[in-house]
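Colleague: I'm new to reading models like this one. Could you walk me through it, one feature at a time?

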Amino acid sequence: MRIGVIECGVCGTDHDIAAGKYGKPPAGSDFLILGHENLGTVREVGPGVDGFAPGDLVVATVRRGCGLCRFCAANRSDCCETGLYTERGIIGAHGYIAEEYVERPEYLLHVPPALRPIAVLMEPLSVVEKAIETGQKVLDRREPTPGFPPQRPPTALVTGTGAIGMLASLVLSVRGYEVTAIDRHGDATLAARVLRRIGATHVDSSSGIDAIGTAHYDLIVEASGAITLDFQLVSRLAPNGVLVLTGIPDASAPPISVAGGALLRGMVLANQAIVGSVNANRTHFELGLNDLLRFEERWPGVTAELISQRRPLNEAPQVLGEHVGGAVKIVLTVSTLTPFSDLSPRR
Ligand SMILES: [Zn+2]
Ligand SMILES: [Zn+2]
């Protein structure tokens with residue numbers, strides 16, 4: 001299938017690639033086309049492709065399997081066992097900041113027109129869906145207690161209020177969690193405002209983790225990659241709780257000192273777990289699509305607020321080279337052939 005690109009979100013991975021810290025061009029190419037957070041429209045459907053037609057809105061997944069392991073064979077390359085996968089716009093495959101791209105239908109998802117204004121968030125949302133699904137599966141080992149219902153709603157702590165942290169706060173809120181999200185900013189930011197609107201609690205933890213008081217949480221979703229904080233978070237888990245790590249720490253960061261005995265002892269005695277989560281497969285994009293619809297029902301317009309700016313493609317070098325304080329998600333408009341105003345908001 002041939003897809004015309006409408007827009008692409010920019011994240012820390014793109015900044016790292018642009019700065020030369022990460023990323024790899026496809027074999028035989030001396031450059032890499034960036035862009036993995038994408039939204040496009042079908043231009044042409046090849047013979048033998050069912051279910052798609054020109055004009056359909058689509059989002060493409062990012063990782064492509066190694067062709068060797070069982071998970072990649074099952075289109076679950078997020079669990080690849082060889083590490084020989086490629087990722088469009090990141091490692092070994094061109095991305096989506098291009099006029100158009102060609103892709104197989106199993107890597108594309110239909111997007112309803114009503115979600116046009118926010119569907120570019122589906123890729124980061126898929127990462128969040130996988131992380132929360134992973135954490136929930138670990139929590140679910142507790143199993144229900146028939147006749148003894150929970151005495152309080154489940155609680156979640158989210159660290160970081162970038163796109164991953166904010167989307168995690170939205171997902172956990174619609175799942176019935178009482179959500180607290182921490183960052184190193186005051187209450188005047190866009191993130192803090194959105195958190196208030198969805199009924200979550202925002203805490204400025206620039207003075208340290210004790211800013212959240214003495215609370216402990218069933219589920220902690222870490223989206224900051226802050227190494228010292230990650231270890232501190234273990235002490236904030238409730239009994240049977242789980243800490244899901246999604247931030248990618250700097251592997252060359254200097255060693256830190258941790259009271260390992262106390263940390264591991266506490267984990268054993270309270271059945272706690274730390275689990276990492278990366279990337280996502282097609283099922284997580286589908287979960288994200290459903291949740292975008294639920295967000296719109298529950299908090300109309302709030303998800304769109306997470307897109308702080310839309311910038312034209314010719315400003316890509318500036319967007320990739322700068323850090324905009326207070327922005328949650330910056331989106332590059334790749335094609336104006338499908339004007340935003342023609343498609344939104346339609347339900
Ligand atoms: Zn990204
Ligand atoms: Zn594989």
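Modeller: Start with what counts as a helix: a DSSP run of H or I that is at least four residues long, numbered from the N terminus. Keep in mind that this is a predicted model. Take helix α5, residues 190–197. After α5 comes G199, with a positive phi near 80°.

Colleague: Which residues of α5 are buried?

Modeller: The general idea first: an α-helix has 3.6 residues a turn, so residues three or four places apart point the same way. In α5, the buried ones are L190, A191, A192, V194 and L195. Their cover includes α4, β10 (178–183) and β11 (201–204), along with α9 (302–305) and β15 (307–312).

Colleague: Okay, zooming out: how many helices and strands are there in the chain?

Modeller: Eleven helices and 16 strands. The radius of gyration is 20 Å, close to the 20 Å from the globule rule for 347 residues, so the chain is as compact as a globular protein of that length. Along its principal axes, the C-alpha trace spans about 60 × 45 × 40 Å. Buried residues are 49% of the 347. And if you take contacts between residues at least 6 apart in sequence, 68% of them join residues at least 24 apart.

Colleague: What should I look for inside?

Modeller: In soluble globular proteins, nonpolar side chains tend to be buried together. Here, the largest nonpolar core has 52 residues, and M122, L172 and L219 have the most contacts inside it. Helix α4 (residues 163–174) gives the most to this core, eight residues. The core also draws at least three residues from each of domain 1 and domain 2. Apart from it there's another core, of 26 residues, including L32, L34, I90 and I330.

Colleague: What is M122 in contact with, leaving aside its neighbours within four places in sequence?

Modeller: V59, L109, V111, F285, L289 and L292.

Colleague: Is L167 buried or exposed?

Modeller: Buried means under 20% relative accessible area. L167 sits at 1%, so it counts as buried. You'll find L167 in helix α4. Skip its neighbours within four places in sequence, and L167 is in contact with L121, P124, L125, V128 and L306.

Colleague: You mentioned domains. Where do they run?

Modeller: The domain assignment gives domain 1 as 2–118 + 306–343 and domain 2 as 127–276. Their C-alpha centres lie 28 Å apart. Seven residues from domain 1 and nine residues from domain 2 take part in the contact.

Note on methods
Residues numbered from 1 in each chain as written. Chains lettered and ligands numbered in written order. Predicted model: local features only at pLDDT ≥ 70, side-chain atom pairs only at ≥ 80, totals over all residues. Heavy atoms only, no water. Core = buried A, V, L, I, M, F, W, Y, C linked by side-chain atoms within 4.5 Å. Buried < 20%, exposed > 50% of the residue type's maximum accessible area, 1.4 Å probe, protein only. Helix = DSSP H or I, 4+ residues; strand = E, 2+ residues; numbered from the N terminus. Domains from an automatic or database assignment. Contact = heavy atoms within 4.5 Å. Rg over C-alpha atoms; globule rule 2.2 N^0.38 Å.
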